[in-house]
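Grab a pencil and work through these exercises with the model open beside you. Try each task before you read its solution.

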Amino acid sequence: MSIIGKSVYLVHDTDNIQFGNVINERMEGAWRWVQINWINGAPTNKYKAPNIDVKNNWFRIDTLKIFEPVEMIDNLRNL
């Protein structure tokens, strides 16, 4: 099942969060990799995690969280 168009976020470099939408996907072995259209700037990979390729904008699916923006906004409003 394709996840193109889904909203995702990535927590990276300990305390940074980036949001975006999946624009491309591919399988590499048993892993799905996706490209993201980042809306608040591209993430970095200062710890050089092998499942994040910021240079070519490919991220292994297990590094990202798929989410529903409306649900997250509602939860944040309740803080």
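**Exercise 1. Find the bridge partner of V11 in β2, then work out the strand order of the sheet.**

Step 1. V11 pairs with I17 in β2. Strands here are DSSP E runs of at least two residues, numbered from the N terminus. This is a predicted model, so keep the ground rules in mind: local features need pLDDT of at least 70, side-chain atom pairs count only at pLDDT 80 or more, and totals for chains, interfaces and linings use all residues. Residues are numbered from 1 along each chain as its sequence is written, and side-chain values use heavy atoms, with hydrogens and water left out.

Step 2. Two strands count as paired if DSSP finds at least two bridges between them.

Step 3. Move on to β2 and β3, which are antiparallel with 8 bridges. E28 has W31 as its bridge partner in β3. These two strands make a hairpin with 2 residues between them, and G29 in the turn has a positive phi of about 65°.

Step 4. β3 also pairs with β5, antiparallel again, through 2 bridges; there V34 finds its partner in F59.

Step 5. At the edges sit β4 (52–53) and β6, each pairing on one side only.

**Exercise 2. List the residues of the largest nonpolar core and say which element gives the most to it.**

Step 1. Start with the term: a nonpolar core is a set of buried Ala, Val, Leu, Ile, Met, Phe, Trp, Tyr and Cys residues joined through side-chain atoms within 4.5 Å. Buried means under 20% relative accessible area, exposed over 50%, and partly exposed in between (1.4 Å probe, protein chains only).

Step 2. The largest one has 10 residues: I3, V8, L10, V22, V34, I36, W38, I52, F59 and L64.

Step 3. Sort them by element: β1 (7–12) and β3 (31–38) are the ones that give two or more residues, and β3 gives the most, with 3.

Step 4. Zoom in on L10. Skipping neighbours within four places in sequence, L10 has contacts (heavy atoms within 4.5 Å) with N16, I17, Q18, W38, P43, F59, T63 and L64.

**Exercise 3. Classify the aromatic pairs Y9–F19 and W38–F59 by their geometry.**

Step 1. Rings of Phe, Tyr and Trp (its six-membered ring) pair if their centres lie within 6.5 Å; planes under 30 degrees apart are stacked, over 60 edge-to-face, and the rest tilted. The structure holds 4 such pairs.

Step 2. Y9 and F19 are tilted, at 6.0 Å centre to centre and 50° between the planes. Their pair links distant parts of the chain, with Y9 in β1 and F19 in β2 (residues 16–28), 10 residues apart. Y9 is buried at 19% relative accessibility, whereas F19 is partly exposed at 22%.

Step 3. W38 and F59 have ring centres 5.3 Å apart and planes at 80°, so this pair is edge-to-face. It bridges 21 residues of sequence, from W38 in β3 to F59 in β5 (residues 58–60). W38 is buried at 13%, and F59 is buried at 1%.

Step 4. One more thing to spot: Y9, F19 and F67 form one aromatic cluster.

**Exercise 4. Which ring does the charged end of R60 sit over, and which backbone oxygen does the side chain of T63 reach?**

Step 1. A charge sits over a ring if NZ of Lys or CZ of Arg is within 6 Å of the ring centre and within 35 degrees of the ring normal. For R60 the ring is that of W31, 3.9 Å from its centre. R26 does likewise over the face of W58, at 4.2 Å.

Step 2. R60 lies in β5 and is buried, at 19% relative accessible area. Beyond four places in sequence, R60 touches W31, R32, W33 and N51.

Step 3. T63 lies in the loop between β5 and β6 (65–66) and is buried at 17%. The T63 side chain reaches the backbone oxygen of R60 at 2.7 Å.

Step 4. Finish with the neighbours of T63: L10, N51 and I52, not counting residues up to four places away in sequence.

Key:
Helix = DSSP H or I, 4+ residues; strand = E, 2+ residues; numbered from the N terminus. Polar contact = N/O pair within 3.5 Å; in protein donor to acceptor, adjacent residues only side chain to side chain.
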